[in-house]
Amino acid sequence: MKRYRGKGCVSRIAKEISDPETCVRVRMLPGQVNFFIKIMEAHSHLVFISPINPREGVVALSTTPDNMLEVKEILGNFPHKVDILE
């Protein structure tokens, strides 16, 4: 039985996410997306994760304006290279 790997297409939610006060788009190596999602899920009180294009390593993190500083601090201290897209 083959493992389901998704369609690898851009998420439908991508067009709806645009407020820089509540959303951060990040890019990393595609092989690190799963690890990144698991680590950020551990911070479930901070972010809602939307894989925008996992084959390219693009993920969106939605949060509240009050938590944005803490999310950016976590991204800055992440063990792998994570680029914040603007």
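This report describes the fold, the sheet, the helix packing and the aromatic contacts of the protein shown above.

The model is predicted: local features need pLDDT of at least 70, side-chain atom pairs count only at pLDDT 80 or more, and totals for chains, interfaces and linings use all residues. Residues are numbered from 1 along each chain as its sequence is written, and side-chain values use heavy atoms, leaving out hydrogens and water.

**Overall fold**

Two helices and four strands make up the secondary structure of the protein. Helices (H or I, at least four residues) and strands (E, at least two) are DSSP runs, numbered from the N terminus. Along the sequence these elements follow the pattern β-α-β-β-α-β. Of the 86 residues, 35% count as buried; here buried means under 20% relative accessible area, exposed over 50% and partly exposed in between, with a 1.4 Å probe and protein chains only. The protein exposes about 6,200 Å², of which carbon and sulfur atoms supply 53%; accessible areas come from the Shrake-Rupley method with a 1.4 Å probe, and for residues only the protein chains shown count as cover. Among contacts (heavy atoms within 4.5 Å), those between residues 24 or more positions apart account for 69% of the contacts with a separation of 6 or more.

**The sheet**

The four strands form an open sheet in the order β2-β3-β1-β4, with antiparallel pairing. Its edge strands are β2 and β4 (83–85), each of which pairs on one side only. Neighbouring strands are turned by 30° against each other on average, direction ignored; the axes are lines fitted to C-alpha atoms, for helices over the stretch in contact, and angles run from 0 to 180 degrees between N-to-C directions. Two strands pair if DSSP finds at least two bridges between them. Strands of a sheet pair through backbone hydrogen bonds, either parallel or antiparallel.

Two of the strand pairings involve β3, and V58 has a bridge partner in each, as listed below.

| Strand pair | Sense | Bridges | Residue bridged to V58 of β3 |
|---|---|---|---|
| β1 and β3 | antiparallel | five | R27 |
| β2 and β3 | antiparallel | five | N53 |

Strand β3 is mostly covered, with four of its five residues buried. In the hairpin of β2 and β3, four residues lie between the strands, and G57 takes a positive phi near 80°.

**Helix packing**

Helix α1 (residues 33–42) has V33, F36, I37 and M40 among its buried residues. These residues cover an arc of only 100° around the axis, which puts them on the same side of α1; the arc is that of the directions from the helix axis to the C-beta atoms. On the face turned away from this buried side, α1 carries the exposed residues N34, K38 and A42. The cover over the buried residues of α1 includes β1 (23–27), β2 (48–53), β3 (58–62) and α2 (68–76). Helix α2 packs on the sheet, where it touches β1, β3 and β4, and its direction makes about 10° with that of β1.

**Aromatic contacts**

A pair of aromatic rings is described by the distance of the centres and the angle of the planes. Rings of Phe, Tyr and Trp (its six-membered ring) pair if their centres lie within 6.5 Å; planes under 30 degrees apart count as stacked, over 60 as edge-to-face and the rest as tilted. A search of the whole structure finds two such pairs. F35 and F78 form a tilted pair, 5.9 Å centre to centre with 55° between the planes. This pair links F35 in helix α1 to F78 in the loop between α2 and β4, 43 residues apart. F35 is partly exposed, with a relative accessible area of 36%, whereas F78 is buried at 9%. The rings of F36 and F78 have their centres 5.1 Å apart and their planes at 65°, so this pair is edge-to-face. Because F36 lies in helix α1 and F78 in the loop between α2 and β4, the pair ties together parts that are 42 residues apart in sequence. F36 and F78 are both buried. Together, F35, F36 and F78 form one aromatic cluster.
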